[in-house]
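Work through the exercises below with the sequence and the 3D view open. Try each task before you read its solution.

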Amino acid sequence: VPYSRNNNFIARENSLRRIKKAAGNGGHVRLALHGPGGIGKTQVALEYAYQHADRRSVFWVCGNEFLGFSEDFRSILPYARIPHRIAANEEKELLRTVRDWFESPASGDWVLVIDGADNEADCNGKGPISEFLPRGPKGTIIFTTRSRRVAEQQGCEIIEIGKMGDRDARALFLSRLENPKNLSEADRKALTLILHSLDNLPLALLLPSKIHDIQREVGMTESILNTYFLTFDQLQERMPFAADILRLFAFFDHKQIPEKLLMRSNLDGVHGEGSLDDAIAKLVGLSLVINGKDGAGRPAYELHRLVRHSIQEYLSEEEALRWKEKALEVVWRLFPHYKHEVLQECVDYLPHALAVTENSTSPMAEEVCFRMALYLKEAAHHGTAEAQIRRCIKLREESGGASYGAEYWSRIGLLASILLELGYAEEAEVEYRRAVRGRTKALGTNHPDTLSSINGLAVALHFQGRYQEAEKLYRSALEGREIILKHGHRDVLESVALLGEVLEFQEKHEEAEVMCRRALEGRKGVLGPYHPDTLETVFHLASALQGQGKHDEAEVLCRRVLEAFEKALWQDDSRTLLIIHKMAEVLQEGRRVTFAEAEALNRRIHERCERALGAEHQLTRASMNNLAGSLSDQGKYHEAAATTRLAMEILEECEGPDHPDIPMILYNLTQMLQDEGKYDEAEVSSRRIVKFYEKILGPDHPGTLVSHSILAGVLRDQKRYDEAEEMLRDAVKIMEKVLGPEDPDTLEAIDSLAFVLQQEGRYGEAENLHLRALEGREKVLGGGAIDTLTSLWRLAKLYKKCGQAADADSAYRSVCTGLCGALGGQHSISRKCLDEYEAFQVEHQLIDFTK
């Protein structure tokens, strides 16, 4: 809780009783303290928190904007004793971790106060703050809010906080006088008149004339403004230095104002002996400033937001501009260029930087926006970072400072890198090309900044699949960096690693291996063996080795990393878990693990992903699909289908029913249901695939026609041969025209049609089509491809039905040999083929049981 207890808290007993009653009923409780600004909602919540702090854990977070909420919510991690990295790349993952901790038994009994939850865009039922609020079976969440809509959408019991009664108001008024016993008789009479007659005095006698025309914040009543204006007048007359502090503070954010911002303000009196302490004591005594500490225990100050608003209204337009510029100058001097060592300073100053740059066109505001964007990018607030850097660029251009010098191009380069982080590779390419041209002209080809932009442009092209163009630029960046930097420099190693990756994507495995080995050796020395960059290089090296058939070496690399994974030698963030996920896939694709081992490995990866990233994260969903696949490989079709259904439900809930991954999951589910013999359910899922593609792609698109083949396979299993045949003939006719007769999808449709005809007993037509599909697949895919072996397997079944035992025996033998080589003898498909072949041999007495 960032505030000390208010020792002058008066009454509000009814509100406190209602909170206690609602929070004492057990289970998960949501309450909203609702009322106008300045009415005392925060003070009621604060008093409740301190009354119950000895029995329940109490946490207090900002609710008026997402950045403040994120910083406060993340600060709960140390209290929860959850290990984390301060500079984590995925802000949302940390917030989900805190939310999951609240929902877990480990958090115990807790109260979470969301203070100032007035912003409906952030705090409504679907706002960014709402995503991270804990639910579950326990805990009390208390919102303080002016918005009834927020309270209702959060499902809160609403407790109205209204104005005080006369007795309580008088008691509060008297309690705030510094020494009421020493009042003169005249002062007592004046105070009595105010207390008893305030409501009856004409408003015009109470309010300075300039109050009448101001546009006031919702909840800012004229009586509140009058009180503050009279106080400011007296403060200016009696202690001008304290009044100056108040003016300066009014243009920072009203919460957590670090003492350093005041000490570096150059205000007259800041460094005078005793004057600063006296001024702060006066402001605290008048309840204009709260004197407290930040999360690290350092001195910090706070204004109530209504005090801040009142001061801004109190000042003339000219004075307001002058003091805002002074506050901006202080932040400009203190907000650092981001690097890890100054992370906490960036965190501390960010809210104040946002406040002082708002609506400012000063060159200092442009520079502060640039520094904020640097920090926000590293803190993974990419959307906010983009907004700040775009504003920075606009300010520079509008001020006439876009002379296209080095500073301007540094801003364009930062915008490009942020766009790339957001996944906008094409937009990033445009900005990187601008930065390359500009920096080359301003700085020269081999300047580090120019080379950084060239490297960034290569990454943008790489993301778009334009590998040859990316390779050329990676080589150019590497050549330049090797000229001006040491060979072990991080930027050189980055270029080497990225070049290795793009070579691997182009299946230039030998060259990729050379580059990956060089990058790995360097990164282990510079970054350590378990840094995410190092681990990513290990993965790409393993892929390059796998591509050359060096499965043993690839396996050794992957197993070493997975052993470290089991020992939890690094933090579970999304990037590291993605690398582990890929390592496991390398082992499975190379058949270097048994299916039981694959299942166990995929379970562990899925559990770690779910715990660290949440069930809705893209990587968690991918790990769930891998787990379903390994279950299916072992013939555990029921469990595999259940896991696949769950993955699809989560995907649809997170991304909607039109997400492009839906058809692939449905296809996997259809196969599992077919293998399990649940043909009716398989039909439902396969018809969903058809409907999806017809809606997205149209009825005659090749993708839609492929989905027809899937549905036809299910109809065949249901012995609805006429429907299946008609559907497949139509599909083959269009696919031959659109895709060509040797396209893999066309050949699959032909083979499926042949199998339907075979089931109908039309063996001659079926044989001709099977042979056509087999020959085409051998030509296009090779004899050892799974699809080619499938065609041969179907031909073996045909020969068996026709009584051509010798041909069937030869075909079965070739299929079993091929499947065991490609999938392993324990794979469910291999076992099915082997069992079928053994039954055929027994039936035709081809097995000598004496041996």
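The exercises go from the whole chain to single pairs of side chains.

**Before you start**

This is a predicted model, in which local features need pLDDT of at least 70, side-chain atom pairs count only at pLDDT 80 or more, and totals for chains, interfaces and linings use all residues. Residues are numbered from 1 along each chain as its sequence is written, and side-chain values use heavy atoms, with hydrogens and water left out.

**Exercise 1. The whole chain**

Task: State how many helices and strands the protein chain has, and what share of its residues is buried.

Solution. Start with the secondary structure. The protein chain has 40 helices and eight strands. Both are DSSP runs numbered from the N terminus: helices are H or I with at least four residues, strands are E with at least two. Next, take burial. Of the 851 residues in the protein chain, 49% are buried. Buried means under 20% relative accessible area, exposed means over 50%, and partly exposed lies in between (1.4 Å probe, protein chains only). Then take the surface. The accessible surface of the protein chain is about 40,500 Å², and carbon and sulfur atoms hold 50% of it. Such areas come from the Shrake-Rupley method with a 1.4 Å probe; for residues, only the protein chains shown count as cover. Last, look at contacts, meaning heavy atoms within 4.5 Å. Among contacts with a separation of 6 or more, 66% join residues 24 or more positions apart.

**Exercise 2. One residue and its contacts**

Task: Find the helix that holds Gln588, then list its contacts beyond the neighbours within four places in sequence.

Solution. Gln588 is found in helix H28, residues 574-589. With the neighbours within four places set aside, Gln588 is in contact with Val593, Ala598 and Asn602. Now compare sequence and space for another residue. Gln588 and Ser630 are 42 residues apart in sequence, and their C-alpha atoms are 9.2 Å apart.

**Exercise 3. Salt bridges**

Solution. Side chains of opposite charge can pair when their charged atoms come close. A salt bridge is counted when a side-chain nitrogen of Lys or Arg is within 4 Å of a carboxyl oxygen of Asp or Glu. The count comes to 55 salt bridges.

Step 1: Asp244 and Arg247 meet at 3.0 Å, N to O. Asp244 is partly exposed at 23%, while Arg247 is buried at 11%.

Step 2: Lys797 bridges to Glu836, with the closest N and O atoms 2.8 Å apart. Lys797 is partly exposed at 22%, whereas Glu836 is buried at 16%.

Step 3: look for a network. Salt bridges link Glu366, Glu367, Arg371, Arg396, Glu407 and Arg411.

**Exercise 4. Aromatic pairs**

Task: Why is the pair of Phe232 and Tyr314 classed as it is?

Solution. A pair of aromatic rings is described by the distance of the centres and the angle of the planes. Rings of Phe, Tyr and Trp (its six-membered ring) pair if their centres lie within 6.5 Å; planes under 30 degrees apart are stacked, over 60 edge-to-face, and the rest tilted. The whole structure has 20 aromatic pairs. In this one, the centres of Phe232 and Tyr314 are 5.2 Å apart and the planes are at 70 degrees, so the pair is edge-to-face. Phe232 lies in helix H11 (residues 222-238) and Tyr314 in helix H15 (residues 305-314), so the pair ties together parts 82 residues apart in sequence. Phe232 is buried at 5%, and Tyr314 is buried at 14%.

Contrast Tyr812 and Phe840: this pair is tilted, with 5.5 Å between centres and 40 degrees between planes. Tyr812 is in helix H39 (residues 805-823) and Phe840 in helix H40, 28 residues apart.

**Exercise 5. A charge over a ring**

Task: Which ring does the charged end of Arg411 sit over?

Solution. The test is NZ of Lys or CZ of Arg within 6 Å of the ring centre and within 35 degrees of the ring normal. The charged end of Arg411 sits over the ring of Phe370, 4.1 Å from its centre. Arg411 is also one of the residues in the salt-bridge network.
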